[in-house]
Amino acid sequence: MSNLGKLKSWNPSIPQDIFSLNISSKLSTNSDDIKESSKDFGKIVQKILSAAVLYPSCVNDIIDLIQFSYGLSVPFQVAAKGHGHSIRGQAMAQNGVIVEMKSLNNNNNCGIRVSWDSDLGFYADVGGEQLWVDVLHSTLEYGLAPVSWTDYLYLTVGGTLSNAGISGQIFRYGPQISNVHEMDVITGKGELVTCSKDKNSELFFGVLGGLGQFGIIIRAKIVLDKASTRVKWVRMLYDDFSKFTKDQEYLISIHHNGLDYVEGSLMMEQSSLNNWRSSFFSPSNQTKIASLLSQNKIMYCLEIVKYYDDHTANTIDEELKKLVQGLNYLGGFMFKKDVTFVEFLNRVRKGQMELELKGMWDVPHPWLNLFVPKSNIMKFNAAVFEDIILRQNNPTGPILVYPTSRKRWDDRMSAIIPEEETFYIVGFLHSSSGNNECKILDDQNKEILNYCDKVGLNIKQYLPHYNTKEDWIKHFGKKWHIFQQRKTQFDPKKILSPGQNIFN
């Protein structure tokens, strides 16, 4: 569209002088582009439209955009959008500009570069717009891989590092934000700053888990380690929550030669065998499990993984046997798989494709992710899993529950976790068939949050969403003061990530 055409469809919240900048050819005011960029995975927030979309071909395009806004007496807001996996409009910018980060990937920017350093060992310099699945494939060419993951790999590096980046490896390696050496970040003043623990550390710690409030991640230096080639993947069933959590806590406490991944999930009569996690079980085992579920209504599945390669292929079975010895799962209900390292890490992709075929991927996702202190997990089970969830009796996606430990997190970072040494990650990963069911599930989420609040369970939301400043202040607790200070320092005009609704 010519600049004249753009002016005709122009939103008055952004001065027309923007078209005198070099970025004008990369700026779209086309209503289809705006609608497309103003969508996310959650499909819950749908009426927030930006004024324009920037498709940057280099980092300077983003710097020019932010500097232009920063120089205005009334600046417009800017949101960086990666793979659009937000749940509640966090990467939207009403009447502002959305920066489509993936557009950097089409050009010769940072990309993914593997290096070695005598202090840091192996690492990868990775563009913030890169997908983790591409980081995996690129680093594997060198026999290396990152150590901390998310369950789903089609997320951008900048997106997960702005939250935390968590999966079953977290007890051993910490979240993804604990595995970054350095970053290049564009602040809300339009300055490109290199930061690490030792250099511009306030910005470094602020951005990690900072919900996009202090800067846009352009490059991250990610920790790498020698990659395994295969994994032993085991699932065990429990009918007793106390035994299930005790075993999980025991498994994450083994430091020497322990497991590489520990997760867990709920299984319920209604839907467990239809959701994407069930392709693990053979048809005959599914029948066996279904019969058990009809008696128990709710069961718990412990999921563990041990990596191996040619050097350890002879000893892996013996090691695994030792690790599961003495666990209290139901006899006869242990199921094993042996798959490639990549097949395991990219396991959710297969489920995604199955859901896409059924038309069940591109639907509203009223997810709720919580961190629950260990001292309250039994109460949470009784009130939430065995009451609220069972009463609804309509699980519409996986419900994850697994423990991790504080010691792999750095408290200087913006990410918020409970005060206790051990806490549980609980994820209600709902997919709804339409707006009506979405509302029912969202009401259920509210009921869970109200219960936790009323009884004082001291939970924290992960991928948090709040509507009032008071709720944000409560969420950040003792970190609110420094969070505010960092905002004033790095984004004083409150330009960045308005969709989080923290400062606006």
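Student: Which residues in H13 meet which residues in H14?

Tutor: This is a predicted model, in which local features need pLDDT of at least 70, side-chain atom pairs count only at pLDDT 80 or more, and totals for chains, interfaces and linings use all residues. Residues are numbered from 1 along each chain as its sequence is written, and side-chain values use heavy atoms, without hydrogens and water. Contact means heavy atoms within 4.5 Å. Helices (H or I, at least four residues) and strands (E, at least two) are DSSP runs, numbered from the N terminus. Here Lys379, Phe380, Ala383, Val384, Ile388, Ile389, Arg391 and Gln392 in H13 meet Ile440, Gln444, Glu447, Ile448, Tyr451 and Cys452 in H14.

Student: At what angle do the axes of H13 and H14 cross?

Tutor: Two packed helices are described by the angle between their axes and the distance between the axes. Axes are lines fitted to C-alpha atoms, for helices over the stretch in contact, with angles from 0 to 180 degrees between N-to-C directions. The axes of H13 (residues 377-392) and H14 (residues 435-455) cross at roughly 155° and come within 11 Å. H13 is therefore roughly antiparallel to H14, a term for angles over 145 degrees.

Student: Is Ile217 buried or exposed?

Tutor: Buried means under 20% relative accessible area, exposed over 50%, and partly exposed in between (1.4 Å probe, protein chains only). Ile217, in strand S10 (residues 215-226), is buried, with a relative accessible area of 4%.

Student: Which residues is Ile217 in contact with, leaving aside neighbours within four places in sequence?

Tutor: Among them are Met101, Gly158, Leu161 and Met183. The C-alpha atoms of Ile217 and Gly158 are separated by 5.3 Å, although 59 residues apart along the chain.

Notes
Parallel < 35°, antiparallel > 145°, perpendicular 65-115°, else oblique.
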